[in-house]
Amino acid sequence: MGEVLRSKTAELFNEPGCAKNQAKSEKERKKGCSKPLVPGAAAGGCAFDGAKIALEPIVDVVHLTHGPSACEGNSWDNRHAATSGPSTYRLGLTTDLSELDIVMGNGEKRLYRAIKDAIARYDPPAVFVYQTCVPAMIGDDIEAVCRHAAEKTGTPCIPVLSAGFSGKKNFGNKLAGEALFKHVIGTIEPEYTTPTDVNILGEYNIVGEIWQIKPLLEKLGIRLLANITGDARYRDLAGAHRARVNMMMCSAALINLARQMEERWGIPYFEGSFYGIADTSAALRTLARMLVERGAPEDLLQRTEVLIAAEEARAWARIEPYREILKGKRVILYTGGVKSWSIVSALQEIGMKIVATSVRKSTEGDKERIKEIMDDPHMVGSVPAREMYARLANDEADILLSGGKTQYVGLKARRPWLDINQERNYAYAGYDGTVALVAELAKSLSNPVWEEIRRPAPWEISADIVPLDCGPQSRSGLGEA
Ligand code: SF4
C-alpha cells in the first residue's frame, strides 16, 4: 500500500464520530475496522465498490474507473440508482489497464487521455476518477493526474482513492465521503439560500426512493439543498456547505463527511430513517426542530405536526386491507446496517413478528436501537446458508426478507422471499413506501404458488405413479424399444 493510501486509511479508521471506533483501545484502532478479505469475497464488496456505490448516483458527471475493465464491470449500476434527468453516470467508462500498460508504465498517460476524451465527448460538470487495486499497486499518482487535467481542461477532476484492497465496501463509502469533502463540497456558492435548507447523506435514490421523501419536505417548505448522493447534480453537491442541517440516513456510510461538515461549516447532523411510518414521522419532527433551532420560522413545528397527522392517517387507511394477511406472520430479516432496525420497526408497526434480524453490518448504535424497539431481540450475525435453510424448512418463519444473494435459500426451503436490499424493484421510503412494502409483503405471503410447491409430489403419495425420468438410462431404454 502506498504511503498516501496508508495514511489516509489510518486516518479514516480513526473516525472520531464513530462510537464503535472510539470504544476501542489505541492499539486496536490502529488495526482498523476491516476484517481481512477472504480470497474471492472482494468481488462486489471491496472499497472501490463501496466508493462507487456512494458516488455513482451523482447523475450528471462522468465516472471513470482507472484500472482493469473487470473492476468497472463488478460495480456498474448495481444499485439501480434512478435519475430524474441526465444519465451520464451510467456510461461505465474505464481506462481498461492491460498488462502491457503496467509493464510499460503507461497508466498515468492513459488516464490523462481518458479524462480529456471523456470531457471532449460528454462535456460533464466534473469527472470522478476512481483508483482500483492495480494502479494503486504500480503507484499511479491519480491525484496529480486529476490536478493536471483540471488545469488543462477547466473541468473539476475528482480523485477517489479507493483501491479495492484497502478495505471492504463500508470503508469505500467513507473514502467517497472523503473525496466529496476534500474536492467538491464548498467549491461553489449556491445561487440563494433559505433558513430551511437541508442535506440528506447516505441516500442513493434506489428505485426512486428520494421521490417518496422530497414531496414531504416540499409540503413543509423545506428545501433539499443536496441529496448526497441519490439523483444528485454536481453543482448542488458543491454548494451543500450552506445547508442548515444534515440528516444522515446510514450511520456506517458517511459519518466522516457529516462530522467534518459540522466542524468546518457548523452544520449539525442527526441520524434518522425514512423506513416505516413512525421513523418517517420522527425524522420529519427532528428536521423541523433542528431547523427552528437554527433560525427557521417557528410555525414549521406546528405545520410538521399537521402534515404528520394527515400522512399517517392516510397511510394507515391504505394499510388496513392488508392487516389481516400480515398480522402475526413471522419474519427473518437478513440485512444489515440501518435497515436492521428501521425495517424491524416498520414490520412491527404492522403487527408482524420478527423471529431474527441480522446485525452483520450494524454499528453498536444500530444494535442498541434494535434492543430498544424489540421486546425480545434476536440478533444474528452471518448465518451460513445451510443453517438459514434449516430454520426456514423447519417452519420457524413465514417469510424471509433479505438481499438477492440469500433468495435461493428461501426459495429452496419453499418459503416466500422479498428483496429489501439494493437490487429491489420497489421503493420503500416514506409513508407511500411503507404502504408499498406492506402490499408487497401481503402479495408474497398470499401467493398461491407456496401452497402448491409445498404439497407432496404425486409419486410421494401413490406408489403407482412413477416420476418421469429423463436421465440417460431412460433415454437408452426408449432407444432400445
Ligand atoms: S478494485 Fe481490486 S478488489 Fe475491487 S474489484 Fe478491482 S481488483 Fe477486485
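Which residues does His241 touch, not counting residues up to four places away in sequence? Select His241 and find out. The list is Ile185, Gly186, Ile188, Glu189, Pro190, Met261, Trp265 and Ile267. Contact here means heavy atoms within 4.5 Å.

Before moving on, a word on the model. This is a predicted model, where local features need pLDDT of at least 70, side-chain atom pairs count only at pLDDT 80 or more, and totals for chains, interfaces and linings use all residues. Residues are numbered from 1 along each chain as its sequence is written, and side-chain values use heavy atoms, with hydrogens and water left out.

**Stop 1: the whole chain**

Show the chain as a cartoon. Its secondary structure comes to 23 helices and 13 strands. These are DSSP runs, numbered from the N terminus: helices are H or I with at least four residues, strands are E with at least two. Of the 481 residues, 52% are buried. Buried means under 20% relative accessible area, exposed means over 50%, and partly exposed lies in between (1.4 Å probe, protein chains only). Take the contacts between residues at least 6 apart in sequence: 71% of them join residues at least 24 apart.

**Stop 2: back to His241**

His241 sits in the loop between helix 12 (234-238) and strand 7 (245-248). It counts as buried because its relative accessibility is 4%. Now show its side chain. A polar atom there lies 3.4 Å from the backbone nitrogen of Gly186. The side chain also reaches the backbone oxygen of Ala238 at 3.4 Å.

**Stop 3: helix 13**

Select residues 255-265, which form helix 13. Buried here are Ile255, Asn256, Leu257, Ala258, Arg259, Gln260 and Met261. Step past the end of helix 13 to Gly266, whose phi is positive, near 70°.

**Stop 4: Ser273**

Go to the loop between strand 8 (269-271) and helix 14; Ser273 lies there. Is Ser273 buried or exposed? Ser273 is buried, with a relative accessible area of 3%. A polar atom of its side chain lies 3.0 Å from the backbone nitrogen of Tyr275. Leaving aside neighbours within four places in sequence, Ser273 is in contact with Met247, Met249, Asp279, Thr280, Ala283, Trp341 and Ser342.

**Stop 5: two helices side by side**

Select helix 14 (residues 277-293) and helix 15 (residues 299-326). Their axes come within 10 Å and cross at roughly 170°. Axes are lines fitted to C-alpha atoms, for helices over the stretch in contact, and angles run from 0 to 180 degrees between N-to-C directions. So helix 14 is roughly antiparallel to helix 15. Angles over 145 degrees count as roughly antiparallel, under 35 as roughly parallel, 65 to 115 as roughly perpendicular, and the rest as oblique. Among the residues that meet are Leu284 and Ala288 in helix 14, and Leu301 and Ile308 in helix 15. By class, this contact has 12 nonpolar, 2 polar and 4 charged residues. Nonpolar covers Ala, Val, Leu, Ile, Met, Phe, Trp, Tyr, Cys and Pro; charged covers Asp, Glu, Lys and Arg; the others, Gly among them, are polar.

**Stop 6: Gln422**

Find the loop between strand 13 (417-419) and helix 20 (430-446) and select Gln422. Gln422 is buried, at a relative accessible area of 13%. Arg79 is 343 residues away along the chain, yet the C-alpha atoms of Gln422 and Arg79 are separated by 5.0 Å.

Key
Polar contact = N/O pair within 3.5 Å; in protein donor to acceptor, adjacent residues only side chain to side chain.
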